Amino acid sequence: MHAVPRGLALASPLEIRGLRKRYGDNEVVAGIDLRLNAGECFTLLGPNGAGKTTTLRCALGLTRPSGGEIFLAGLPVPERAREARMRVGVVPQQDNLDPDFTCAENLLVYGRYFGLDDATITARIPELLAFAGLESKRDARIQSLSGGMKRRLTLARALVNRPDLLILDEPTTGLDPQARHLIWERLKQLIRNGTTVLLTTHFMDEAERLADRLAILDAGRILTEGSPREVIAAQIEAQVVEVYGDWNGAARNGTSGAQAWAEAHACAFARRYEVSGETAFCYLDDAAPLMAHLAQQSGLRYLRRPANLEDVFLKLTGRDLRD
Amino acid sequence: MATTTPSSTFRAPRITHRFVPVWRRNFLVWRKLALPSVLGNLADPMIYLFGLGFGIGMLVPEIGGVSYISFLAAGMVCSSTMNSASFEVLYSSFSRMHVQRTWDAIMNAPVDLDDIVFAELVWAASKALLSGVAILIVIAVFGLVDSRYVLWLLPLIFLVGLSFGALGLVMTSVAPSYDFFMYYFTLFITPMTLISGVFFPAEQLPAAVQVAASLLPLSHAVELARPLLLGKVPSDVVLHLVVLAAYGVGGFWVALGLTRRRLLG
């Protein structure tokens, strides 16, 4: 929709060095470094409570870090955060469109916060509504929009100032598959046109689809960083075989068939294995010998697939629930 | 350009022209519902004014040389200004801050919290002025106004709106839910209304109660508004203005500090 020539953006759109944020004794962000390249999509991946949202709030100057340095659009934050936000668009985790206004009024009122005059904003509104696929909803009240439409309008609102950097905090949480795909398409379109995108998510497929680079975050620290392929290759074996079900009809007392089988045989085939609940996960570079073995067993069910980001994520952040 | 931002929560407010679009946002919402809003603001004081004015007016022939309803008119202008500003910063601002998360959206744009809270304060005073003007027009139509100094009531109403808007914002900054505001009205606003000379002269109250009233802003608003409506020059003008302004500035400063702690922590 609007292009920023990549060569022109000399400074990193966002650079964070040694960021720390403490609440009392609880260190939510414990030393984060990251540097976005202009025009890329960078994804922060992490379980709930990993520090993703706090990192974004610090980056926008909405909360004061306990330590570290932040440069947003080349300006020091929080000192010049307000000025830096002129160049940034934000899609927050929680929808906060103005319920008293129509779609078009939401865009108009939001544009005014950037100091844009009404004529400029009014000229941009048709293009923003078209981008969001909401041309027919121009004068519709917010309450009448579906969840997906609200998200798209929030995305359009974040573009009213034609930002160089777009920050999205879990943009597709709570959306149905159709709505998610439409958001992804729009983000790809923006990235292609030169907008830098920083997004947080806990959906692996989202990160794998969109990210040029990603960082996996847990307990306020970056555990690994790189392109999705690099991260998978560096952290985990190429193949995963999931084994579950009954083993020869002889599940022992209190143990699943998969666990009994894994204890007896998994080591012989897999570099690494893990039993979680009813399933044994075997990580290996060549799955053929294991598949041949499993074909001989009775009662076991199994699934072979290439390793993905979710495997890396679970390996690095563990399988415990984060509530 | 090197600017430094002091980190203290209660540092001085930093107000810029960027509060204007936030004020305009609230004005645009109001404009969509202007007529019911003004009628709603008008109904309550009018019911009191004419109900009490005629009812008690029959028992009390005169207070200080004027009819009871003329005496009551100034009290109603002040108390409805107070109520209008208070309702706006309590229920409406809380809704924008906490329920609708409108402030969060605005802070993602290049507008700081200081400007947002200031816009809410000025908006509350503006809305109080709009409803105050409506009341003035009605009581003028009923011949309860001496026109000599009546225009001075406009800046006074705005100032009273700022004072009570600022006090209300302190409550909003610490409110966990809407229910919390009931305490403010029953424990502060209502008793203050009864001792501040709105319905009857404060001079007949016990000395201690008069002292308490003189420390609160509403009595100072009434002391200015009543003579102005009756065509007289108020006494101790500077004292009354200083008290009202002090509540406005002090309340805003505290409210902003508490709101920063709540939202920017």
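Predicted model: local features only at pLDDT ≥ 70, side-chain atom pairs only at ≥ 80, totals over all residues.
1. The interface. On the chain A side, 23 residues are in contact with 23 residues of chain B. Two helices of chain A, α2 (81-84) and α3 (103-113), each contribute at least two residues to the side that touches chain B. Of the elements of chain A, α3(A) gives the most to this side, namely four residues.

2. Composition of the chain A side. Sorted by class, the side of chain A that touches chain B comprises 11 nonpolar, nine charged and three polar residues.

3. Helix α3 of chain B. This helix covers residues 68-99, 32 residues in total. From its first C-alpha to its last, α3(B) reaches 43 Å, close to the 46 Å expected at 1.5 Å a residue. A bend of about 30 degrees is found in α3(B) at B:S93. After α3(B) comes B:R101, with a positive phi near 60 degrees.

4. Within α3(B), 26 of the 32 residues are buried, so the helix is largely enclosed by the rest of the structure. The criterion for a buried residue is 20 or more other C-beta atoms within 10 Å of its own.

5. The hairpin of chain A. Strands β12 (residues 272-276) and β13 (residues 279-284) of chain A run antiparallel and are joined by five bridges. Within this pairing, A:S276 of chain A lies opposite A:T279 in β13(A). Two residues separate β12(A) from β13(A) in the hairpin. In the turn, A:G277 has a positive phi of about 65 degrees.

Note on methods
Residues numbered from 1 in each chain as written. Chains lettered and ligands numbered in written order. Contact = placed C-beta atoms within 7 Å. Nonpolar A, V, L, I, M, F, W, Y, C, P; charged D, E, K, R; others polar. Expected span 1.5 Å × (residues − 1). Bend = angle between axes of the 7 residues up to and from the residue. Buried ≥ 20, exposed ≤ 12 C-beta atoms within 10 Å, placed from the backbone. Pairing = 2+ DSSP bridges.
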